[in-house]
Amino acid sequence: MCGIIGIVALSSALKESLGMVLYRCLKNLEYRGYDSVGYAVIDNSGKLIVRKSKGKIDDVYTKLGFNKASGSIGIGHTRWATHGRPSDENAHPHTDCYGLIAVVHNGIIENFRELREWLESRGHVFKSETDTEVVPHLIEEFKKLGMDSYTAFKKAISVLRGTFAIIAIDIDAPDRIFFAKNTSPLVIGFGDKAMFIASDIPAFLDFTNRVLVLYDGEVGYITANQVFIESVEQSALDNTPPRTKPVSYDHRVRVIAWSREEASKGGYPHYMLKEIYEQPQALAQTIAGLREGVDEAIELLRKAEKVVFVAAGSSYHAAFIGRLAMINLGGVWSDAIVSSEARWYVSGLSDRDVVIAVSQSGETIDTLLAVREAKKVGARVIAISNVVDSAIPRESDVAIYTRAGPEISVAATKTFTTQIATLLYLSVRLGLVKRAIGEEEANTIIQDLTRIPKAVERVLERYGNAVKSLASKVFEKISSCYYLGRGLGLGVAMEGALKMKEIAYVHAEAYPAGESKHGPIALVEKGFPVIFVSLGEIDRELIESNIEEMKSRDAITIAITPKGFEFKSADHVIRVPRVHPYVLPIAAIVPLQLLAYYVAVNRGYDPDKPRNLAKTVTVV
Ligand code: AGP
């Protein structure tokens, strides 16, 4: 969940401003963690300079002297703490005993205790509580045992167990950055007289969009104009070099369509607001691009006995909605399981079933592990992701990509709505094949899907300001609220509550509206906000009664509902354009995204960097 970056530069402009280039790339990676930040460069005299500190990058910018750092090679890190609290000592880069080797890492080294004991018994002195620090000491130790820098790096990697993306520099190899990847993401960027390596493409998108995604088990190095990759086998703590095999990669280099503009704030105060407003375009691109992988996916789904979704967070909420579409439109029994819980269900799957893994990043470790478990029992896997070539699509039988563009804000918005559109499209196509729905209904849904970008635009135009004022009137002081819905509306309620929790730090709970009487209503008192999401004729009357129940306990009630539904009893009604009920969640979530955004901003929080969270969760 940390962000790492490495740069080897040949051009004198880049060399002179190396610190600033590292700063720009780290700013683009900040959404992956912001407990501490640091960098290391080999300066023009060949010395290793390391600067690091607890805190966010802009708060420690001067202290770390980004504007003064120069050199042809540098690595940087922005941290989401796992082992060791956020502190200056635990900030990356970590170094060996003599300060000649610097390492940054994303992931968890599971056997670090045993490695640390071994190293300490050989005289190494540790300065931090992190798992990462074993790596520079291992390199140092293997060099002492006679290996050159790169062999010592490979040997260090071969004794690690766990998940990692690691990059390292060593003053004895001052023209290259060593790298290794296992589970945590790592991507190489081919720049103009410079080479980049980072956790994620947006890190270096200001400099290049020619990329190479690294695979698990790969190690190697980059120079300013060359990449060398090989696969490495695990080995023992001894003095024999590990077994490796060269990897050819030319066919894997690709130019990605994301632009610099898409990955910048483009005049908006926050990425989140920009990404909310980008939804019409993201939806239009995604719907228009629904071709690749779709026929293969339908072929798998057609034969499936059960369809099981695995996903986390917002992606799980999209899956929750997708599951209802699969059952009621696709004509196949389906379930949605939070991916970290999947191991308890996998015994119920077989080679007759299909798993749909939904993950915008394609790297969420729990979802990746769920995919691996499902494959072990023979289930076929379809991935829905926004990041081409990321781990989950790569390990799945079929990949379908949403085309939302880069999503930088930690809170998912445009990837959520494009996931729903994709899952709905798949369900309708399947329903037609299985004759679970008629052509007329299928056509209505597909037509409404193509109208949804415009419908979302209307919601944004109409409610941008209204929701802002609701955020200050109703939510100024509250610390708790409910989001209630039924069926599809419950999926939207769950997502609305997650947005409110994660960026505004308001205790927001989503419940099935009917279930609210079985306990949650006990908390409701004067002024307690309850948000209802009612999307279909089927639940309208029931939700009206639930509103009445809450009103008679003096709650403040807010209803999100399509035009034409009255809901006279609610204190505030937000009406979204009337489209087919299965398309409605896409429009209905938008006011709730805006609500969470404005409540967070009113409270002085940065919605792009919610505390304790990271965009991509790569630790279990
Ligand atoms: C959503 O706002 C959160 N940032 C988080 O719940 C996220 O949806 C979850 O971590 C799953 O990520 P993924 O889609 O990249 O797998």
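This is a predicted model: local features need pLDDT of at least 70, side-chain atom pairs count only at pLDDT 80 or more; totals for chains, interfaces and linings use all residues.

Reader: How many cavities of 30 Å³ or more does the search find, and how much space lies in the largest cavity?

Author: The search of the whole structure gives three cavities of that size, and the largest cavity holds about 210 Å³. It is lined by 23 residues, and D200, W258, S361, E363 and V387 are the closest to its centre.

Reader: What makes up the lining of the largest cavity, by class and by domain?

Author: By class, there are 11 nonpolar, six polar and six charged residues. By domain, at least three residues come from domain 1 (3-263) and at least three from domain 2 (284-602).

Reader: And which residues are closest to the centre of the second largest cavity?

Author: The second largest cavity has a volume of about 90 Å³. C2, W80, T82, H92 and G107 are the closest to its centre, out of 15 lining residues. Strand β6 (residues 101-109) gives the most to this lining, with three residues. The classes here are five nonpolar, eight polar and two charged.

Reader: Now salt bridges. Why is the contact between R32 and D200 called one?

Author: The rule asks for a side-chain nitrogen of Lys or Arg within 4 Å of a carboxyl oxygen of Asp or Glu. For R32 and D200 the N to O distance is 3.2 Å, so the pair passes the 4 Å cut-off. R32 sits in the loop between α2 (18-29) and β2 (36-42), and D200 in the loop between β10 (194-198) and β11 (210-213), so their pairing ties together parts 168 residues apart in sequence. Both R32 and D200 are buried.

Reader: How do you know that K155 is buried?

Author: Buried means under 20% relative accessible area. K155 has 0%, so K155 counts as buried. K155 also forms a salt bridge with D238, with the closest N and O atoms 2.7 Å apart. That pair links distant parts of the chain, 83 residues apart: K155 is in helix α6 (residues 149-158), D238 in the loop between β13 (227-232) and β14 (244-246).

Reader: What about D571 and K551, buried or exposed or in between?

Author: D571 has 35%, so D571 is partly exposed, and K551, at 28%, counts as partly exposed too. D571 and K551 form a salt bridge, with their closest N and O atoms 2.8 Å apart. K551 belongs to helix α16 (residues 537-551) and D571 to the loop between β24 (556-562) and β25 (572-576), so the bridge ties together parts 20 residues apart in sequence.

Reader: And what makes R113 exposed?

Author: Exposed means over 50%. R113 has a relative accessible area of 56%, so R113 is exposed. You'll find R113 in helix α4 (residues 112-121).

Reader: Last one: how many salt bridges are found in the whole structure?

Author: The search finds 40 salt bridges.

Terms used. Residues are numbered from 1 along each chain as its sequence is written. Side-chain values use heavy atoms; hydrogens and water are left out. On a 1 Å grid over the protein atoms alone, a cavity is a set of points where a 1.4 Å probe fits but cannot get out, and a pocket is an open set with protein on both sides within 12 Å along at least five of seven lines; lining residues have an atom within 4 Å of a point. Grid points are joined across faces, edges and corners, and a volume is the space filled by probe spheres set on the points. Ala, Val, Leu, Ile, Met, Phe, Trp, Tyr, Cys and Pro count as nonpolar, Asp, Glu, Lys and Arg as charged, and the others, Gly among them, as polar. Domain bounds come from an automatic or database domain assignment. Helices (H or I, at least four residues) and strands (E, at least two) are DSSP runs, numbered from the N terminus. Buried means under 20% relative accessible area, exposed over 50%, partly exposed in between (1.4 Å probe, protein chains only).
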